[in-house]
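Trainee: I'm new to this one and would like a close look at a single part, the sheet. Could you walk me through how its strands are put together and what sits around them?

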Amino acid sequence: MMRNLQKARDETRRSYDLAAEKYFESFRDEMKQKEYDRAFLEEFSRGFAPGSVICDAGCGPGHITRYVSELGLGAFGIDISEKCIEIDRRENPGMDEPAHPLIPGGDGTGGDERLRQAFPINPLGWPAPRSGTGSSNPR
């Protein structure tokens, strides 16, 4: 079961990595054309206190994360595609916090660790890091 899940995750990551540049080129300026989405995100951002930080899960190349950040919220993204993360970091160098790769059960340095910091109640059911390792990887 876990092997099938890992295989599906790897295939998904590869497919997103292959499409990342084309996706970015196609959607980089989409917020300019999406009046409803802009209005929704502006209303959404008003619900947070100054200094709040939100997580854009599945951020892709970061165009929505950037828009929310421009509204005054702290924002960071996570994504399964390392190529999307690379594009996000390249295209949004002024973000307060760079996007993170999502590596569930990873080495504690990517999006998995950032999610644990942002959501200490561990809503995804990932194991807590072993004491002194900063990692949930059982190796």
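Mentor: Let's take the sheet piece by piece, then look at its surroundings.

A word on the ground rules: this is a predicted model, where local features need pLDDT of at least 70, side-chain atom pairs count only at pLDDT 80 or more, and totals for chains, interfaces and linings use all residues. Residues are numbered from 1 along each chain as its sequence is written, and side-chain values use heavy atoms, with hydrogens and water left out.

The protein has five helices and three strands, and along the sequence they follow the pattern α-α-β-α-β-α-β-α. Helices (H or I, at least four residues) and strands (E, at least two) are DSSP runs, numbered from the N terminus.

The three strands make an open sheet in the order 1-2-3, with parallel pairing. Two strands count as paired if DSSP finds at least two bridges between them. Strand 1 and strand 3 are the edge strands, each pairing on one side only.

Take strand 1 (53-57) to begin with. Five bridges join it to strand 2 in the parallel sense. Val53 has Gly74 as its bridge partner in strand 2, and Ala57 has Ile78. To get from strand 1 to strand 2, the chain runs through helix 3 (residues 63-70), and this β-α-β crossover is right-handed. Right-handed here means that, with the strands pointing away from you, the path from the first strand over the helix to the second runs clockwise.

Now for strand 3 (residues 100-101), which pairs with strand 2 in the parallel sense over two bridges. Ile78 turns up again here, with His100 as its bridge partner in strand 3. The chain gets from strand 2 to strand 3 by way of helix 4 (residues 82-91), in another β-α-β crossover that is right-handed.

How covered is strand 2 (residues 74-79)? Six of its six residues are buried, meaning under 20% relative accessible area; exposed is over 50% and partly exposed lies in between (1.4 Å probe, protein chains only). In a regular strand the side chains alternate between the two faces of the sheet. Both faces are covered in strand 2: Gly74, Phe76 and Ile78 are buried on one side, and Ala75, Gly77 and Asp79 on the other. For the protein as a whole, buried residues make up 37% of the 139 residues.

Lys83 and Glu21 meet in a salt bridge at 3.6 Å, N to O; the cut-off is a side-chain nitrogen of Lys or Arg within 4 Å of a carboxyl oxygen of Asp or Glu. Lys83 counts as partly exposed because its relative accessible area is 25%. Glu91 forms a salt bridge with Arg28, with the closest N and O atoms 3.3 Å apart. That pair links helix 4 to the loop between helix 1 and helix 2, 63 residues apart. Both pairs belong to a network of salt bridges linking Glu21, Glu25, Arg28, Lys83, Glu86, Arg90 and Glu91, and the whole structure has twelve salt bridges.
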